[in-house]
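Here are my notes on the model, point by point. Please read them with the structure open.

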Amino acid sequence: MDLLIKGGKVVTAKSTFKADVAVTNGKISAIGTNLKPEAGTEVVDAKGKLVLPGAIDGHTHMAMPFGGTISTDDYFTGTRAAACGGTTTIINFETQPVGVKMSKFLKEKLELAESQGPAVDYSIHMGVGDVTTQEMLDDMAKVVDMGVTSFKVFMVYDFGVDDGQFYATLCKAKEIGALVGVHAENKNVNDYLVKKYLSEKKISPWYHYMSKNEAVAGEADERAINLAKMAGAPLYIVHLDNAQGVAAVAKARAEGYPIFAETCPQYLYFTKEVYKDGRPEFKLRPQDFVCSPPMKGKESKDALWDGIRNGVISTLSTDHCPFLKKEKDWGKKTKDGKKGNFTTIPNGCAGVENMYPFILSEANKGKITFNKAVEIAATNQAKLFGMDYCKGAIEVGLDADIVVYDPKKRVVINNKKNQHGALDHTVWEGVECKGYPCAVFSHGKLVFDGKDFVGKQGAGSFVKQKKVHHKGPSF
Ligand SMILES: [Zn+2]
(Lines give C-alpha, C1' and ligand atoms only; values in the text may rest on other atoms or scores of the structure.)
Protein backbone atom coordinates (compact mmCIF):
# COMPACT_ATOMS: atom_id res chain seq x y z
CA MET A 1 0.00 0.00 0.00
CA ASP A 2 1.50 3.30 -1.15
CA LEU A 3 -1.13 5.77 -0.03
CA LEU A 4 -3.93 5.73 2.53
CA ILE A 5 -6.56 8.45 2.58
CA LYS A 6 -8.01 8.12 6.06
CA GLY A 7 -11.19 9.21 7.77
CA GLY A 8 -12.92 11.01 4.90
CA LYS A 9 -16.40 10.70 3.50
CA VAL A 10 -16.41 8.94 0.14
CA VAL A 11 -18.89 10.32 -2.38
CA THR A 12 -19.98 8.25 -5.35
CA ALA A 13 -22.73 8.92 -7.89
CA LYS A 14 -25.05 6.76 -5.79
CA SER A 15 -24.01 7.06 -2.15
CA THR A 16 -21.98 8.78 0.55
CA PHE A 17 -20.20 6.83 3.27
CA LYS A 18 -17.29 7.10 5.70
CA ALA A 19 -14.32 5.06 4.54
CA ASP A 20 -10.57 4.92 4.15
CA VAL A 21 -9.24 4.57 0.63
CA ALA A 22 -6.02 2.66 -0.03
CA VAL A 23 -3.87 3.01 -3.14
CA THR A 24 -1.35 0.51 -4.45
CA ASN A 25 0.63 0.91 -7.69
CA GLY A 26 -1.56 3.82 -8.81
CA LYS A 27 -4.84 1.94 -8.40
CA ILE A 28 -7.46 1.97 -5.69
CA SER A 29 -6.69 -1.25 -3.82
CA ALA A 30 -9.09 -1.18 -0.86
CA ILE A 31 -12.03 0.82 0.49
CA GLY A 32 -13.10 0.17 4.07
CA THR A 33 -13.15 1.29 7.65
CA ASN A 34 -10.06 1.25 9.83
CA LEU A 35 -7.63 0.30 7.06
CA LYS A 36 -4.12 0.11 8.50
CA PRO A 37 -1.11 1.64 6.76
CA GLU A 38 1.91 -0.54 6.04
CA ALA A 39 5.52 0.49 6.57
CA GLY A 40 6.23 3.27 4.09
CA THR A 41 2.58 4.02 3.34
CA GLU A 42 1.90 7.73 3.03
CA VAL A 43 -1.14 8.63 5.13
CA VAL A 44 -3.42 11.55 4.29
CA ASP A 45 -5.78 12.71 7.02
CA ALA A 46 -9.15 13.38 5.36
CA LYS A 47 -11.19 13.96 8.49
CA GLY A 48 -13.93 16.49 7.74
CA LYS A 49 -13.20 16.19 4.02
CA LEU A 50 -14.93 14.54 1.09
CA VAL A 51 -13.14 11.95 -1.00
CA LEU A 52 -14.24 12.14 -4.62
CA PRO A 53 -13.25 10.65 -7.95
CA GLY A 54 -11.23 13.08 -10.10
CA ALA A 55 -13.43 14.80 -12.63
CA ILE A 56 -13.37 14.03 -16.35
CA ASP A 57 -13.70 17.07 -18.55
CA GLY A 58 -15.20 15.59 -21.68
CA HIS A 59 -14.92 18.73 -23.77
CA THR A 60 -11.67 20.67 -24.15
CA HIS A 61 -9.85 22.38 -26.99
CA MET A 62 -6.17 22.39 -26.10
CA ALA A 63 -3.72 23.50 -28.78
CA MET A 64 -6.56 24.09 -31.18
CA PRO A 65 -6.18 26.22 -34.31
CA PHE A 66 -9.13 28.63 -34.60
CA GLY A 67 -9.74 31.96 -36.30
CA GLY A 68 -6.11 32.60 -37.22
CA THR A 69 -4.56 31.59 -33.91
CA ILE A 70 -4.18 28.61 -31.56
CA SER A 71 -5.97 28.25 -28.22
CA THR A 72 -3.66 29.44 -25.45
CA ASP A 73 -3.39 26.21 -23.45
CA ASP A 74 -1.60 23.17 -24.82
CA TYR A 75 -1.77 19.58 -23.61
CA PHE A 76 0.58 20.46 -20.74
CA THR A 77 -0.63 23.83 -19.44
CA GLY A 78 -4.24 22.78 -19.97
CA THR A 79 -3.88 19.57 -18.00
CA ARG A 80 -1.88 21.40 -15.32
CA ALA A 81 -4.83 23.75 -14.87
CA ALA A 82 -7.23 20.80 -14.95
CA ALA A 83 -5.28 18.98 -12.23
CA CYS A 84 -5.38 22.03 -9.96
CA GLY A 85 -9.17 22.07 -10.23
CA GLY A 86 -9.61 18.37 -9.49
CA THR A 87 -10.02 17.28 -13.11
CA THR A 88 -7.74 14.30 -13.64
CA THR A 89 -8.74 13.38 -17.19
CA ILE A 90 -9.59 15.53 -20.17
CA ILE A 91 -11.04 14.48 -23.50
CA ASN A 92 -9.71 16.87 -26.10
CA PHE A 93 -11.26 17.58 -29.47
CA GLU A 94 -9.17 17.17 -32.57
CA THR A 95 -10.96 17.99 -35.79
CA GLN A 96 -10.05 16.18 -39.00
CA PRO A 97 -8.97 18.52 -41.80
CA VAL A 98 -10.66 18.17 -45.19
CA GLY A 99 -9.04 15.47 -47.30
CA VAL A 100 -7.07 13.84 -44.47
CA LYS A 101 -8.08 10.43 -43.15
CA MET A 102 -9.12 10.48 -39.50
CA SER A 103 -6.82 7.60 -38.53
CA LYS A 104 -3.77 9.35 -39.99
CA PHE A 105 -4.75 12.62 -38.34
CA LEU A 106 -5.32 10.91 -34.98
CA LYS A 107 -1.86 9.38 -35.09
CA GLU A 108 -0.35 12.84 -35.62
CA LYS A 109 -2.37 14.34 -32.79
CA LEU A 110 -1.42 11.57 -30.36
CA GLU A 111 2.20 12.33 -31.15
CA LEU A 112 1.59 16.05 -30.62
CA ALA A 113 -0.07 15.41 -27.27
CA GLU A 114 2.80 13.19 -26.12
CA SER A 115 5.36 15.79 -27.23
CA GLN A 116 3.66 18.49 -25.14
CA GLY A 117 3.65 16.26 -22.05
CA PRO A 118 0.20 16.15 -20.43
CA ALA A 119 0.25 16.42 -16.63
CA VAL A 120 -2.74 14.11 -16.20
CA ASP A 121 -4.43 11.54 -18.42
CA TYR A 122 -6.17 12.52 -21.60
CA SER A 123 -8.27 11.03 -24.33
CA ILE A 124 -9.46 12.38 -27.65
CA HIS A 125 -12.76 12.93 -29.45
CA MET A 126 -12.50 12.87 -33.22
CA GLY A 127 -14.08 15.92 -34.79
CA VAL A 128 -15.57 14.98 -38.12
CA GLY A 129 -14.31 17.33 -40.83
CA ASP A 130 -14.68 15.25 -43.97
CA VAL A 131 -17.01 12.29 -44.51
CA THR A 132 -17.73 13.20 -48.11
CA THR A 133 -16.64 9.79 -49.47
CA GLN A 134 -17.33 6.23 -48.36
CA GLU A 135 -13.60 5.71 -47.85
CA MET A 136 -13.46 8.59 -45.38
CA LEU A 137 -16.52 7.28 -43.57
CA ASP A 138 -15.19 3.71 -43.39
CA ASP A 139 -11.96 5.00 -41.82
CA MET A 140 -13.95 5.69 -38.62
CA ALA A 141 -13.57 1.99 -37.78
CA LYS A 142 -9.79 2.37 -37.69
CA VAL A 143 -10.12 5.27 -35.28
CA VAL A 144 -12.26 3.07 -33.01
CA ASP A 145 -9.54 0.40 -33.10
CA MET A 146 -7.02 3.06 -32.06
CA GLY A 147 -9.06 3.74 -28.88
CA VAL A 148 -11.22 6.67 -29.89
CA THR A 149 -14.89 5.70 -29.94
CA SER A 150 -16.37 9.18 -29.80
CA PHE A 151 -16.88 11.41 -32.80
CA LYS A 152 -18.31 14.88 -33.08
CA VAL A 153 -20.08 16.46 -36.00
CA PHE A 154 -20.76 20.15 -36.44
CA MET A 155 -24.04 21.36 -37.88
CA VAL A 156 -22.45 24.82 -38.28
CA TYR A 157 -19.15 26.05 -39.72
CA ASP A 158 -17.86 25.51 -43.26
CA PHE A 159 -16.44 22.09 -42.40
CA GLY A 160 -19.72 21.03 -40.77
CA VAL A 161 -21.87 18.17 -42.03
CA ASP A 162 -25.14 18.39 -43.89
CA ASP A 163 -28.04 16.29 -42.63
CA GLY A 164 -27.16 13.43 -45.01
CA GLN A 165 -23.56 13.24 -43.84
CA PHE A 166 -24.72 13.51 -40.23
CA TYR A 167 -27.13 10.60 -40.80
CA ALA A 168 -24.41 8.53 -42.48
CA THR A 169 -22.03 9.21 -39.58
CA LEU A 170 -24.66 8.13 -37.07
CA CYS A 171 -25.32 4.87 -38.96
CA LYS A 172 -21.60 4.12 -39.20
CA ALA A 173 -21.04 4.88 -35.51
CA LYS A 174 -23.81 2.54 -34.47
CA GLU A 175 -22.29 -0.25 -36.57
CA ILE A 176 -18.77 0.13 -35.13
CA GLY A 177 -19.55 0.75 -31.44
CA ALA A 178 -19.05 4.49 -31.32
CA LEU A 179 -20.97 7.51 -30.08
CA VAL A 180 -21.60 10.64 -32.14
CA GLY A 181 -21.64 14.00 -30.43
CA VAL A 182 -23.05 17.06 -32.09
CA HIS A 183 -22.55 20.80 -32.01
CA ALA A 184 -26.13 21.70 -32.84
CA GLU A 185 -26.96 25.08 -34.33
CA ASN A 186 -28.90 25.90 -37.47
CA LYS A 187 -26.20 26.90 -39.96
CA ASN A 188 -28.39 28.54 -42.58
CA VAL A 189 -30.27 30.71 -40.11
CA ASN A 190 -27.02 31.57 -38.31
CA ASP A 191 -25.40 32.56 -41.62
CA TYR A 192 -28.43 34.63 -42.61
CA LEU A 193 -28.52 36.49 -39.30
CA VAL A 194 -24.80 37.21 -39.40
CA LYS A 195 -25.16 38.74 -42.88
CA LYS A 196 -28.21 40.73 -41.85
CA TYR A 197 -26.62 42.21 -38.72
CA LEU A 198 -23.36 43.04 -40.45
CA SER A 199 -25.24 44.79 -43.26
CA GLU A 200 -27.07 46.82 -40.62
CA LYS A 201 -23.70 47.71 -39.05
CA LYS A 202 -24.61 45.78 -35.90
CA ILE A 203 -21.15 44.48 -35.09
CA SER A 204 -20.85 44.27 -31.29
CA PRO A 205 -20.53 40.97 -29.33
CA TRP A 206 -24.25 41.19 -28.51
CA TYR A 207 -24.93 40.15 -32.13
CA HIS A 208 -22.84 37.03 -31.64
CA TYR A 209 -25.59 36.02 -29.23
CA MET A 210 -28.39 37.34 -31.48
CA SER A 211 -27.20 35.31 -34.47
CA LYS A 212 -26.81 32.17 -32.36
CA ASN A 213 -29.87 32.67 -30.16
CA GLU A 214 -32.05 30.13 -28.35
CA ALA A 215 -34.11 29.21 -31.42
CA VAL A 216 -31.04 28.74 -33.64
CA ALA A 217 -29.75 26.16 -31.15
CA GLY A 218 -33.11 24.66 -30.19
CA GLU A 219 -34.17 23.86 -33.77
CA ALA A 220 -30.89 22.09 -34.41
CA ASP A 221 -31.14 20.12 -31.15
CA GLU A 222 -34.53 18.84 -32.26
CA ARG A 223 -33.31 18.01 -35.76
CA ALA A 224 -30.25 16.21 -34.44
CA ILE A 225 -32.47 14.07 -32.22
CA ASN A 226 -34.73 13.29 -35.17
CA LEU A 227 -31.74 12.20 -37.26
CA ALA A 228 -30.51 9.94 -34.45
CA LYS A 229 -33.96 8.39 -34.18
CA MET A 230 -33.99 7.81 -37.97
CA ALA A 231 -30.57 6.15 -37.79
CA GLY A 232 -31.49 4.16 -34.68
CA ALA A 233 -28.25 5.44 -33.18
CA PRO A 234 -27.32 6.97 -29.85
CA LEU A 235 -26.55 10.69 -29.82
CA TYR A 236 -24.69 13.03 -27.49
CA ILE A 237 -25.53 16.73 -27.67
CA VAL A 238 -22.52 18.74 -26.54
CA HIS A 239 -22.80 22.03 -24.69
CA LEU A 240 -26.58 22.07 -24.51
CA ASP A 241 -27.53 25.63 -23.61
CA ASN A 242 -31.23 26.24 -24.21
CA ALA A 243 -34.64 25.36 -22.79
CA GLN A 244 -36.08 24.10 -26.10
CA GLY A 245 -33.20 21.65 -26.41
CA VAL A 246 -33.60 20.47 -22.82
CA ALA A 247 -37.28 19.75 -23.50
CA ALA A 248 -36.42 17.86 -26.68
CA VAL A 249 -33.82 15.72 -24.89
CA ALA A 250 -36.25 15.05 -22.04
CA LYS A 251 -38.94 13.91 -24.48
CA ALA A 252 -36.64 11.61 -26.46
CA ARG A 253 -35.28 10.04 -23.29
CA ALA A 254 -38.79 9.52 -21.91
CA GLU A 255 -39.58 7.70 -25.16
CA GLY A 256 -36.63 5.39 -24.47
CA TYR A 257 -34.08 6.72 -26.97
CA PRO A 258 -30.35 6.77 -26.11
CA ILE A 259 -30.11 10.56 -26.31
CA PHE A 260 -27.60 12.20 -23.97
CA ALA A 261 -26.74 15.80 -23.28
CA GLU A 262 -23.84 17.72 -21.83
CA THR A 263 -23.93 21.25 -20.49
CA CYS A 264 -21.17 23.54 -19.28
CA PRO A 265 -20.68 25.73 -16.19
CA GLN A 266 -20.81 28.94 -18.22
CA TYR A 267 -24.42 28.24 -19.23
CA LEU A 268 -25.31 27.52 -15.61
CA TYR A 269 -23.75 30.69 -14.24
CA PHE A 270 -23.74 33.48 -16.84
CA THR A 271 -26.53 34.75 -19.07
CA LYS A 272 -26.59 36.62 -22.38
CA GLU A 273 -26.35 39.91 -20.45
CA VAL A 274 -22.56 39.49 -20.41
CA TYR A 275 -22.58 40.41 -24.12
CA LYS A 276 -23.93 43.85 -23.25
CA ASP A 277 -21.77 44.82 -20.33
CA GLY A 278 -19.20 42.11 -19.67
CA ARG A 279 -18.29 42.03 -15.98
CA PRO A 280 -16.64 45.46 -15.62
CA GLU A 281 -16.01 45.00 -11.89
CA PHE A 282 -13.47 42.34 -12.94
CA LYS A 283 -12.23 44.16 -16.06
CA LEU A 284 -13.95 41.62 -18.29
CA ARG A 285 -15.31 42.93 -21.57
CA PRO A 286 -18.22 41.49 -23.62
CA GLN A 287 -15.79 40.01 -26.16
CA ASP A 288 -14.11 37.98 -23.40
CA PHE A 289 -17.34 35.96 -23.14
CA VAL A 290 -17.64 35.20 -26.84
CA CYS A 291 -17.82 31.44 -27.07
CA SER A 292 -19.75 29.14 -29.32
CA PRO A 293 -22.54 28.64 -28.57
CA PRO A 294 -23.02 31.88 -26.62
CA MET A 295 -24.66 32.16 -23.19
CA LYS A 296 -28.44 32.27 -23.33
CA GLY A 297 -31.24 33.86 -21.29
CA LYS A 298 -32.28 33.12 -17.73
CA GLU A 299 -35.12 30.82 -18.78
CA SER A 300 -32.62 28.52 -20.45
CA LYS A 301 -30.25 28.68 -17.50
CA ASP A 302 -33.04 27.60 -15.17
CA ALA A 303 -34.06 24.79 -17.55
CA LEU A 304 -30.48 23.49 -17.58
CA TRP A 305 -30.37 23.36 -13.77
CA ASP A 306 -33.68 21.48 -13.78
CA GLY A 307 -32.25 19.17 -16.45
CA ILE A 308 -29.32 18.34 -14.20
CA ARG A 309 -31.52 17.73 -11.17
CA ASN A 310 -33.98 15.47 -13.00
CA GLY A 311 -31.40 13.49 -14.98
CA VAL A 312 -32.15 14.87 -18.46
CA ILE A 313 -28.60 16.20 -18.66
CA SER A 314 -25.99 13.48 -18.24
CA THR A 315 -22.68 15.31 -18.10
CA LEU A 316 -20.89 18.54 -17.28
CA SER A 317 -17.86 19.65 -19.32
CA THR A 318 -16.21 22.96 -20.03
CA ASP A 319 -15.60 23.56 -23.76
CA HIS A 320 -12.32 25.04 -22.45
CA CYS A 321 -10.91 27.01 -25.37
CA PRO A 322 -8.92 30.00 -24.13
CA PHE A 323 -7.77 32.99 -26.16
CA LEU A 324 -5.68 35.94 -25.01
CA LYS A 325 -7.25 39.35 -24.38
CA LYS A 326 -5.46 40.81 -27.37
CA GLU A 327 -6.95 38.06 -29.56
CA LYS A 328 -10.39 38.77 -28.12
CA ASP A 329 -9.86 42.36 -29.33
CA TRP A 330 -9.87 41.20 -32.95
CA GLY A 331 -13.58 42.01 -32.87
CA LYS A 332 -12.52 45.67 -32.83
CA LYS A 333 -9.50 45.51 -35.09
CA THR A 334 -8.57 42.27 -36.83
CA LYS A 335 -5.13 40.69 -36.91
CA ASP A 336 -4.62 42.31 -40.33
CA GLY A 337 -5.54 45.77 -39.08
CA LYS A 338 -9.03 45.81 -40.62
CA LYS A 339 -12.18 46.87 -38.81
CA GLY A 340 -13.44 43.89 -36.83
CA ASN A 341 -16.89 42.68 -35.80
CA PHE A 342 -18.42 39.94 -33.67
CA THR A 343 -17.47 37.28 -36.23
CA THR A 344 -13.75 38.08 -36.02
CA ILE A 345 -13.45 37.33 -32.29
CA PRO A 346 -11.93 33.87 -31.61
CA ASN A 347 -14.64 31.74 -29.98
CA GLY A 348 -13.97 30.28 -26.57
CA CYS A 349 -13.31 30.85 -22.88
CA ALA A 350 -11.25 29.16 -20.17
CA GLY A 351 -12.89 26.84 -17.67
CA VAL A 352 -11.04 23.55 -17.26
CA GLU A 353 -9.78 24.50 -13.79
CA ASN A 354 -13.16 25.82 -12.67
CA MET A 355 -15.66 23.11 -13.54
CA TYR A 356 -15.33 20.79 -10.55
CA PRO A 357 -14.89 23.56 -7.93
CA PHE A 358 -17.91 25.35 -9.42
CA ILE A 359 -20.31 22.41 -9.45
CA LEU A 360 -19.11 21.15 -6.05
CA SER A 361 -19.58 24.63 -4.64
CA GLU A 362 -23.14 24.65 -5.96
CA ALA A 363 -23.63 21.25 -4.31
CA ASN A 364 -22.15 22.59 -1.09
CA LYS A 365 -24.70 25.42 -1.21
CA GLY A 366 -27.48 22.86 -1.64
CA LYS A 367 -28.43 23.44 -5.27
CA ILE A 368 -27.79 19.77 -6.13
CA THR A 369 -26.38 16.84 -4.15
CA PHE A 370 -22.67 16.03 -4.07
CA ASN A 371 -23.62 12.67 -5.57
CA LYS A 372 -25.16 14.44 -8.56
CA ALA A 373 -22.03 16.57 -8.98
CA VAL A 374 -19.85 13.43 -9.03
CA GLU A 375 -22.27 11.69 -11.38
CA ILE A 376 -22.26 14.40 -14.07
CA ALA A 377 -18.62 15.50 -13.74
CA ALA A 378 -16.99 12.08 -13.46
CA THR A 379 -19.02 8.87 -13.44
CA ASN A 380 -21.32 9.45 -16.41
CA GLN A 381 -18.47 10.78 -18.53
CA ALA A 382 -16.53 7.55 -17.98
CA LYS A 383 -19.55 5.39 -18.79
CA LEU A 384 -20.60 7.32 -21.89
CA PHE A 385 -17.14 7.32 -23.41
CA GLY A 386 -16.09 3.76 -22.63
CA MET A 387 -13.60 4.67 -19.92
CA ASP A 388 -15.37 3.25 -16.87
CA TYR A 389 -12.96 0.29 -16.82
CA CYS A 390 -10.37 2.69 -15.34
CA LYS A 391 -11.96 6.07 -14.54
CA GLY A 392 -14.88 7.93 -13.02
CA ALA A 393 -15.48 6.43 -9.57
CA ILE A 394 -13.97 5.55 -6.23
CA GLU A 395 -13.93 1.80 -6.72
CA VAL A 396 -11.38 -0.94 -6.12
CA GLY A 397 -9.38 -1.63 -9.27
CA LEU A 398 -9.86 1.79 -10.87
CA ASP A 399 -7.11 4.38 -11.33
CA ALA A 400 -6.41 6.28 -8.11
CA ASP A 401 -7.53 9.63 -9.53
CA ILE A 402 -8.81 11.11 -6.29
CA VAL A 403 -9.81 14.54 -5.04
CA VAL A 404 -9.78 15.35 -1.34
CA TYR A 405 -12.29 18.16 -1.03
CA ASP A 406 -12.52 20.60 1.84
CA PRO A 407 -16.11 21.86 2.10
CA LYS A 408 -14.96 24.65 4.45
CA LYS A 409 -12.26 26.11 2.22
CA ARG A 410 -13.18 29.36 0.46
CA VAL A 411 -11.50 30.33 -2.79
CA VAL A 412 -12.24 33.43 -4.84
CA ILE A 413 -11.05 32.84 -8.42
CA ASN A 414 -8.13 35.13 -9.16
CA ASN A 415 -6.35 34.46 -12.43
CA LYS A 416 -3.04 35.90 -11.22
CA LYS A 417 -3.00 34.30 -7.78
CA ASN A 418 -4.68 30.92 -7.91
CA GLN A 419 -5.16 29.73 -11.49
CA HIS A 420 -2.72 27.49 -13.31
CA GLY A 421 -3.42 27.75 -17.04
CA ALA A 422 -1.57 29.87 -19.60
CA LEU A 423 -4.30 32.46 -20.17
CA ASP A 424 -4.04 36.13 -19.14
CA HIS A 425 -7.61 36.35 -17.83
CA THR A 426 -10.59 34.19 -16.94
CA VAL A 427 -14.32 34.79 -17.24
CA TRP A 428 -14.53 33.13 -13.80
CA GLU A 429 -12.56 35.97 -12.15
CA GLY A 430 -14.05 36.94 -8.78
CA VAL A 431 -16.38 33.95 -8.52
CA GLU A 432 -16.37 32.56 -5.00
CA CYS A 433 -16.21 28.81 -4.46
CA LYS A 434 -17.66 27.50 -1.23
CA GLY A 435 -15.39 24.50 -0.72
CA TYR A 436 -12.34 23.59 -2.83
CA PRO A 437 -10.03 20.67 -3.53
CA CYS A 438 -7.21 20.54 -0.97
CA ALA A 439 -5.37 17.59 -2.55
CA VAL A 440 -5.63 16.01 -5.98
CA PHE A 441 -4.08 12.67 -6.90
CA SER A 442 -3.52 11.25 -10.37
CA HIS A 443 -2.67 7.51 -10.31
CA GLY A 444 -2.05 7.94 -6.59
CA LYS A 445 0.51 10.72 -7.08
CA LEU A 446 -0.13 14.19 -5.68
CA VAL A 447 -0.59 16.70 -8.49
CA PHE A 448 -2.20 19.58 -6.55
CA ASP A 449 -1.46 20.34 -2.91
CA GLY A 450 -4.26 22.84 -2.35
CA LYS A 451 -2.21 25.74 -3.65
CA ASP A 452 0.30 24.74 -6.30
CA PHE A 453 0.71 22.26 -9.12
CA VAL A 454 3.09 19.60 -7.81
CA GLY A 455 2.76 17.04 -10.60
CA LYS A 456 5.05 16.39 -13.53
CA GLN A 457 4.96 17.34 -17.16
CA GLY A 458 4.51 14.15 -19.17
CA ALA A 459 3.07 12.11 -16.29
CA GLY A 460 -0.29 11.72 -18.02
CA SER A 461 -1.00 9.25 -20.77
CA PHE A 462 -3.59 8.43 -23.40
CA VAL A 463 -6.72 6.68 -22.14
CA LYS A 464 -8.25 4.28 -24.65
CA GLN A 465 -12.00 4.34 -25.02
CA LYS A 466 -13.74 0.99 -25.28
CA LYS A 467 -16.47 0.44 -27.83
CA VAL A 468 -19.87 1.62 -26.62
CA HIS A 469 -23.35 0.40 -27.49
CA HIS A 470 -25.76 2.69 -25.69
CA LYS A 471 -29.22 1.24 -26.22
CA GLY A 472 -31.39 3.42 -24.00
CA PRO A 473 -31.30 6.58 -21.92
CA SER A 474 -29.71 5.01 -18.85
CA PHE A 475 -26.39 3.25 -18.39
ZN1 LIG B 1 -16.18 22.85 -28.11
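1. First, a term. A residue is buried if 20 or more other C-beta atoms lie within 10 Å of its own, exposed if 12 or fewer, and partly exposed in between, with C-beta atoms placed from the backbone. Phe 358 counts as buried because 25 other C-beta atoms lie within 10 Å. Some ground rules follow. This is a predicted model, in which local features need pLDDT of at least 70 and side-chain atom pairs count only at pLDDT 80 or more, while totals for chains, interfaces and linings use all residues. Residues are numbered from 1 along each chain as its sequence is written.

2. Where does Phe 358 sit? Its place is in helix H14, residues 355-364. Helices (H or I, at least four residues) and strands (E, at least two) are DSSP runs, numbered from the N terminus. Setting aside neighbours within four places in sequence, Phe 358 is in contact with Pro 265 and Cys 433. Contact means that the two C-beta atoms, placed from the backbone, lie within 7 Å. Tyr 436 is 78 residues from Phe 358 along the chain, and their C-alpha atoms are separated by 8.8 Å.

3. Now the backbone. Most residues other than glycine have a negative phi, and most peptide bonds are trans. Ser 292 and Pro 293 are joined by a cis peptide bond, with omega about 0°. Pro 293 lies in the loop between helix H11 (274-277) and helix H12 (298-309).

4. Check two histidines. His 239 has a positive phi, near 30°. It lies in the loop between strand S13 (235-237) and helix H9 (243-254). His 239 counts as buried because it has 23 C-beta neighbours inside 10 Å. For His 443, phi is also positive, near 50°. His 443 lies in the loop between strand S17 (432-442) and strand S18 (445-448). Is His 443 buried or exposed? It counts as buried, with 21 C-beta neighbours inside 10 Å.

5. Next, helix packing. Two packed helices are described by the angle between their axes and the distance between the axes. Helix H8 (residues 214-231) packs on H9 at about 15°, with axes 8 Å apart. H8 is therefore roughly parallel to H9. Axes are lines fitted to C-alpha atoms, for helices over the stretch in contact, and angles run from 0 to 180 degrees between N-to-C directions. Angles under 35 degrees count as roughly parallel, over 145 as roughly antiparallel, 65 to 115 as roughly perpendicular and the rest as oblique. From H8, residues including Ala 217, Gly 218 and Ile 225 meet residues of H9, among them Gly 245 and Ala 248.

6. H5 (residues 163-176) also packs on H8, at about 50° with axes 9 Å apart. These two helices are therefore oblique to each other. On the H5 side, the contact residues include Phe 166, Tyr 167 and Leu 170. On the H8 side they include Leu 227 and Met 230.

7. Strands pair if DSSP finds at least two bridges between them. S1 (residues 3-11) and S2 (residues 16-24) run antiparallel, joined by seven bridges. Val 11 stands opposite Thr 16. A hairpin of four residues links S1 to S2. S2 and S3 (residues 27-32) also run antiparallel, with five bridges. Thr 24 has Lys 27 as its bridge partner. Two residues separate S2 from S3 in their hairpin, and Asn 25 in the turn has a positive phi of about 50°.
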